[in-house]
Amino acid sequence: MGLDFSIIPEYADLLLEGTLWTIALTVLAVFFSLAGGVIFAVAQLSRHAFVRWPFAGVAWLFMGTPLLLQLFLIYFGLVQIGLDLNAFTAGVIALSLHFAVYNSDIIKSAILAVDKGQHEASRSLGLGRLQAMRKIIVPQAIANVTPALGNMMIALLKESSLVSVIGVMELTLSAQRAISDSFRPFEFYIAAAVIYYVLNLGLEMAVRNAERRSARYR
Amino acid sequence: MDFELIGRIWIFFAEAALVTVQISVLSILLGLTLGFVAAMGSLSINPFFRWPSRAYVSVFRGTPALIQLFLLYFGGPQVGIHLEPLEAGIIGLGVNIGAYMCESIRGAVISVEKGQTEAGRCLGLGHVQVMLRITLPQAARMMVRPLGVNSIALIKGTAIVSTISVLELSYTAHRYISSTYKPFEMFILASVFYIAIITVFSYGVRKIDARVALEN
């Protein structure tokens, strides 16, 4: 069976839909993983051991295990405890949690790198610890690590392909649907790869742009 | 936690962990080889070496590893490449991580002070000789850690070969989740092995790094 790329346009709608779901998945997971990253970072730097330990424990476990395994845990585990989530929600939760842990590692060291005087100054201006964190320390820390966080988000887009395994109809799974209909894996995986490549380029440009803008806050 | 169940099946996870180790080691070796060749290519002054290397890095870092694996395993037969799942897994992962390793090696090489190359050239060494005798030995000290980071990412990345039914750790975990409905126990059991593999590996990387890194 030779290659025949002219078949791809027949399935353009399917691939387009998959692409839109991949974008939705990525945007949501980027947002939640950054917010979660800040929460995990601040919690792990807390003075209270009962706050620090649970977050540090989850971070340690999630840093040492594959995303795919975490996806199984969240998708099947939440059903187990009676939360029957759809695959898309489970996918967003798993991706967000996985990358929140990696982001928190970056943000944590950035918070520690912010000059101590900043903290002391905001405390003497009468801000509480959390307020000082939120308004003074974290914004400076994030600005310093925008490139590293940006690289994580670029990785997130590619890793989002894994949620096809639990049945989220994103780009990878829609390519698979097209394949089971047309029996042409080579053509459709190439098509999916091209779309991912273009999305990746777009995201990379957005990240570099964000880097330039965040440099102002340094 | 169902410890009775864990006690009964942990041995299957241990066997699967050996497969994970095997895949990891072989694809790291393949990745290092490809990464080295591509790094030399992308640093070459000859565009016939430079452009293919850059294209390789850009394509394999710009697309998901899962798609690359599926293309090789399911799409391969259409272009005459027939591979067993295990072979496809090792080759797919190795080619993917090679692109990332290329960047680590290239980064270490270009961080060697420029004066070293110039001095080598002044002494009458050719480009290749300068690379082999002057630049690479110094760069080698600096690439241990980034290559270690790449390799640890790869060890976790081996989970994706479960999707082409290679009997490794994640496949085993998935199978037992489906048959026992105990996702939490299976996750913990597989995690123990993943974390053990990664801990041993990063200990090794730190040892090598401590030995070759310059004292400061």
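User: What share of the contacts in chain B between residues at least 6 apart in sequence join residues at least 24 apart?
Analyst: The share is 74%. A contact here means two C-beta atoms, placed from the backbone, within 7 Å. This is a predicted model, where local features need pLDDT of at least 70, side-chain atom pairs count only at pLDDT 80 or more, and totals for chains, interfaces and linings use all residues. Residues are numbered from 1 along each chain as its sequence is written, while chains are lettered from A and ligands numbered from 1 in the order in which they are written.

User: Why is helix 1 of chain B called roughly antiparallel to helix 7 of chain B?
Analyst: The axes of helix 1 (residues 3-43) and helix 7 (residues 169-180) of chain B cross at roughly 150° and come within 8 Å. Axes are lines fitted to C-alpha atoms, for helices over the stretch in contact, with angles from 0 to 180 degrees between N-to-C directions. Angles under 35 degrees count as roughly parallel, over 145 as roughly antiparallel, 65 to 115 as roughly perpendicular, and the rest as oblique. Therefore helix 1 of chain B is roughly antiparallel to helix 7 of chain B.

User: Which residues make that contact?
Analyst: Helix 1 of chain B brings Leu5(B), Ile9(B), Phe12(B), Phe13(B), Ala16(B), Ala17(B) and Thr20(B). Helix 7 of chain B brings Leu169(B), Thr172(B), Tyr176(B) and Thr180(B). Eight of the contact residues are nonpolar, three polar and none charged. Nonpolar covers Ala, Val, Leu, Ile, Met, Phe, Trp, Tyr, Cys and Pro; charged covers Asp, Glu, Lys and Arg; the others, Gly among them, are polar.

User: Why does Ser165(B) count as partly exposed?
Analyst: Ser165(B) has 13 C-beta neighbours inside 10 Å. The cut-offs are 20 or more other C-beta atoms within 10 Å for buried, 12 or fewer for exposed, and partly exposed in between. So Ser165(B) is partly exposed. Ser165(B) lies in the loop between helix 6 (127-157) and helix 7 of chain B.

User: And why is Tyr181(B) called exposed?
Analyst: Tyr181(B) has 12 C-beta neighbours inside 10 Å, so it counts as exposed. Tyr181(B) sits in the loop between helix 7 and helix 8 (183-212) of chain B.

User: Which residues touch the most other members of the largest nonpolar core?
Analyst: They are Leu71(A), Phe72(A), Ala192(A) and Leu69(B), in a core of 120 residues. Such a core is a set of buried Ala, Val, Leu, Ile, Met, Phe, Trp, Tyr and Cys residues joined through C-beta atoms within 7 Å. Helix 4 (residues 87-113) of chain A gives the most to this core, with 14 residues.

User: How many residues of chain A are in contact with chain B?
Analyst: 27 residues of chain A are in contact with 30 residues of chain B. Helix 9 of chain A gives the most to the chain A side, with nine residues. That side divides into 19 nonpolar, seven polar and one charged.

Key: Helices (H or I, at least four residues) and strands (E, at least two) are DSSP runs, numbered from the N terminus.
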